[in-house]
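Take a look at the model first.

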Amino acid sequence: MDGNGRWAKARGKPRTFGHSAGVEALRRTVEAAGDIKLPYLTVFGFSTENWGRPKEEVAALLELLRLYVGRDLHRLVRDGVKVRVIGEREGLEPDIRAIIERAEDQTAANATLNLTIAFNYGAQDEIVRAVRRIADDIAAGRLTPDDVCADTFAQRLDTACLPPLDLLIRTSGERRLSNFMLWQAAYAELVFLEDLWPDFGREPLERAINEFRRRDRRYGGVGRDE
Ligand code: IPE
Ligand code: MG
């Protein structure tokens with residue numbers, strides 16, 4: 001969800017104005033995903049690197065999580081959305097953890113759309129935590145080094161409960177992954193859109209999915225017509 005700051009700047013407003021508009025875009029996108037019956041949608045909300053932003057902006061971003069869950073949780077429950085949060089929970093303030101747990105608990109029985117929010121998430125951090133879990137398992141004798149394969153590893157990532165990543169959309173014209181799902185992106189189709197996140201919603205989502213449909217996914221094999 002990139003481009004909030006630039007969207008606000010273009011309107012002569014503070015960056016936090018863009019973040020608020022970004023929450024509206026998230027609401028529209030979740031609704032659109034439900035309507036088009038996407039089974040899984042994952043959004044990058046706050047990265048392990050975002051703590052480096054000015055104190056006021058970090059506070060505003062944390063406030064938005066509170067606001068989104070506070071205002072939208074009843075809607076998510078009603079619409080059958082199952083919320084999961086991935087990322088490092090350790091070290092988050094207790095009230096933020098409580099909000100995350102409330103969203104997960106109250107939607108746990110839902111099954112229409114799986115909405116995953118990456119919060120305090122960084123792919124390198126996720127990989128390091130997975131490695132640590134494997135090391136713990138080996139040290140405890142639950143695993144031997146020979147048992148370690150791509151699957152053992154994937155099962156210890158935060159995304160263990162998610163299917164393989166098909167489509168990764170980055171908004172705002174940047175062409176990089178910025179520490180998002182580095183392992184999972186191995187065979188994902190990458191779609192880069194010029195749209196700034198606050199302008200996102202049904203139409204850009206459908207545009208990205210149509211682009212995805214035109215891709216020939218080979219997974220290192222040969223093409224469909226070969
Ligand atoms: C939102 O956009 C990203 C989040 C941290 C939620 P940015 O704040 O990165 O906006 P730009 O890139 O400065 O335009
Ligand atoms: Mg940005």
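## Helix packing and the ligand shell

In this predicted model, α2 and α3 pack at an angle of about 30°, with 10 Å between their axes. Angles under 35 degrees count as roughly parallel, so α2 and α3 are roughly parallel to each other. Their crossing is right-handed, that is, the near helix is turned clockwise from the far one by less than a right angle. Axes here are lines fitted to C-alpha atoms over the stretch in contact, with angles from 0 to 180 degrees between N-to-C directions. Helices are DSSP runs (H or I, at least four residues), numbered from the N terminus.

Next, helix α3 (residues 55-78) meets helix α4 (residues 94-106) at about 15°, with axes 10 Å apart. That makes α3 roughly parallel to α4.

On to the ligand. The residues around ligand 1 (a heavy atom within 4 Å) include M1, D2, H19, N50 and L61.

| Protein atom | Distance to a ligand 1 oxygen |
|---|---|
| G3, backbone N or O | 3.3 Å |
| G5, backbone N or O | 2.9 Å |
| R15, side-chain N or O | 2.8 Å |

Taken alone, ligand 1 exposes 390 Å², and the protein buries 87% of that (Shrake-Rupley areas, 1.4 Å probe). Two or more shell residues come from each of α1 (4-9) and α2 (15-35), and α1 gives the most, with three.

A few ground rules: residues count from 1 along each chain, while chains are lettered from A and ligands numbered from 1 as written. Local features need pLDDT of at least 70, side-chain atom pairs 80 or more, totals for chains, interfaces and linings use all residues, and side-chain values use heavy atoms, without hydrogens or water.

Key: A polar contact is a pair of N or O atoms within 3.5 Å; within protein, one must be able to donate a hydrogen and the other to accept it, and residues adjacent in sequence count only if both atoms are side-chain atoms. Angles under 35 degrees count as roughly parallel, over 145 as roughly antiparallel, 65 to 115 as roughly perpendicular and the rest as oblique.
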